[in-house]
Number of protein chains: 2
Amino acid sequence: MAATAGVKDAVRTAAVDLFAKNGFANTSVQQIVDAAGVTKGAMYHYFCSKDELLFGIYEHLLTLQGEHLAAIVATGDTTEQKLRAACIDVIETSIEFLDEGTVFFRSAHMLPAEKQLEVKHRRREYNDQFVSLVEAGQREGVYRTDIPRAVLVANFFSDLHYLPQWYSADGPEDGSLIAAQLTDLFLAGIGIRNNSTVNTLTKE
Amino acid sequence: MAATAGVKDAVRTAAVDLFAKNGFANTSVQQIVDAAGVTKGAMYHYFCSKDELLFGIYEHLLTLQGEHLAAIVATGDTTEQKLRAACIDVIETSIEFLDEGTVFFRSAHMLPAEKQLEVKHRRREYNDQFVSLVEAGQREGVYRTDIPRAVLVANFFSDLHYLPQWYSADGPEDGSLIAAQLTDLFLAGIGIRNNSTVNTLTKE
DNA sequence: GTAGCCATACCGAACAGTCGGTTTGTCTGT
DNA sequence: ACAGACAAACCGACTGTTCGGTATGGCTAC
């Protein structure tokens with residue numbers, strides 16, 4: 001089943017799949033290697049622990065989304081364009097890696113304390129960049145200031161957490177459409193006025 | 001440490017605490033009974049399994065929030081008043097039982113499949129009642145109809161899921177204030193126009 | 001009152017199974 | 001012959017649960 005060249009990938013794929021379906025603690029190393037079509041010896045030749053398998057999932061997502069956000073911030077767009085692009089991107093990425101997201105939000109506490117700190121730190125970096133965008137928008141007078149920034153931002157990140165719980169790729173809705181809709185709801189909520197733009201957005 | 005009369009309560013409290021802090025799978029029965037100041041024998045005299053301990057947490061929250069929502073729906077208020085009250089209540093309840101919420105959203109997949117189904121079913125009941133309120137508001141022309149109801153509602157429930165991850169009781173913000181703010185953000189997002197009312201709301 | 005009876009509450013050692021990880025050995029290409 | 005890539009057997013630690021047994025306290029018969 002696994003590609004001839006690619007024990008690592010086969011193990012990773014199987015691990016994400018099983019972790020998402022049954023949870024990290026309920027998935028044994030034996031189940032993973034069976035699903036990947038390899039043996040424990042092969043797996044431990046490439047990965048030094050089960051924890052590392054889990055941490056790899058976090059690494060991958062955090063790096064990917066961090067790079068995306070940095071690229072968006074570095075453009076010459078307006079603050080509003082940047083924030084919208086950032087929202088759309090992170091939702092679309094979360095949909096693309098839905099299984100990873102499931103594991104991410106459910107099993108972070110299973111990581112060894114040291115790795116948990118690293119994840120926390122890197123998430124904070126993402127969060128801070130995001131907050132900066134909102135702050136800039138507030139200074140420009142386009143976002144409301146009557147609610148703490150932390151609450152405004154939490155209101156958006158919550159969508160990412162919940163996504164793996166309700167979104168189904170088999171559903172009638174396309175990922176990009178959902179991304180546009182959730183982004184619109186968020187921006188409508190934090191805007192000075194509620195200018196609905198979702199109808200034009202979904203066409204571009 | 002445990003009240004002289006109350007092995008059950010002592011165990012329950014300790015279990016919620018440890019499950020929230022270390023996760024269900026990482027908490028051994030021995031740890032629970034040690035923290036509760038009782039023995040395993042005593043615990044298994046009252047609870048037939050570790051799973052039942054977990055399920056009890058779900059039962060409690062689901063029953064409580066279900067009753068609250070039913071009471072709100074049964075009032076003679078307008079749809080808008082009902083929806084606002086429902087939002088405020090469920091956020092406040094989630095803050096009051098923050099540890100339970102942590103366990104709820106993180107460890108549901110650890111339940112035996114049969115119990116998982118029951119939880120799913122009862123959550124669907126809550127969800128359906130909530131959707132009905134939004135639907136009524138749409139018919140009355142006060143909520144937008146350009147985004148699927150499922151997305152509108154998911155956008156709110158997501159806040160509940162995320163709450164245990166960022167809200168801290170030690171923080172500067174009061175629970176009721178956060179509830180009003182998050183509710184306002186949600187209602188502003190789904191409203192035909194974005195009428196900010198949070199300033200008056202937090203005074204009432 | 002008090003002796004006998006019994007249900008309930010509780011104890012804690014032991015069991016049986018599972019798991020992550022390691023050791024040892026084999027095969028293959030160079 | 002030697003090193004990297006694996007396979008298979010194995011180990012020690014830990015877990016949820018069980019179960020034989022003890023302590024307590026109320027009820028009944030006399």
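This is a predicted model: local features need pLDDT of at least 70, side-chain atom pairs count only at pLDDT 80 or more; totals for chains, interfaces and linings use all residues.
1. Helices are DSSP runs (H or I, at least four residues), numbered from the N terminus.

2. **Residues at the crossing.** Among those of H8(A) that meet H8(B) are Phe157(A), His161(A), Tyr162(A) and Trp166(A). The H8(B) side includes Phe157(B), His161(B), Tyr162(B) and Trp166(B). Contact means C-beta atoms, placed from the backbone, within 7 Å. By class, this contact has eight nonpolar, eight polar and two charged residues. Ala, Val, Leu, Ile, Met, Phe, Trp, Tyr, Cys and Pro count as nonpolar, Asp, Glu, Lys and Arg as charged, and the others, Gly among them, as polar.

3. **The whole A-B contact.** Chain A gives 34 residues and chain B 35 residues. On the chain A side, H8 (149-166), H9 (175-190) and H10 (198-201) each give two or more. H8(A) has the largest share, ten residues. The chain A side counts 15 nonpolar, 13 polar and six charged residues.

4. **Symmetry.** A rotation of 180 degrees, with 0.0 Å of shift along its axis, superposes chain A on chain B (RMSD 0.0 Å). The two copies are thus related as by a two-fold rotation axis. The same surface serves both copies: 100% of the contact residues of chain A recur in chain B.

5. **H6 of chain B.** Eight of the ten residues of H6(B) (98-107) are buried, meaning 20 or more other C-beta atoms lie within 10 Å of their own. Phe104(B), Phe105(B) and Arg106(B) are among them. The cover includes H6 of chain A, plus H1, H4, H5 and H8 of chain B.

6. **DNA strand C.** The surface has five nonpolar, seven polar and four charged residues.

7. **Conventions.** Residues are numbered from 1 along each chain as its sequence is written, and chains are lettered from A and ligands numbered from 1 in the order in which they are written. Local features need pLDDT of at least 70, side-chain atom pairs count only at pLDDT 80 or more, and totals for chains, interfaces and linings use all residues.

Conventions. Two residues are in contact if their C-beta atoms, placed from the backbone, lie within 7 Å. Copies are superposed by least squares on the C-alpha atoms of residues with pLDDT of at least 70 in both. A residue is buried if 20 or more other C-beta atoms lie within 10 Å of its own, exposed if 12 or fewer, and partly exposed in between; C-beta atoms are placed from the backbone.
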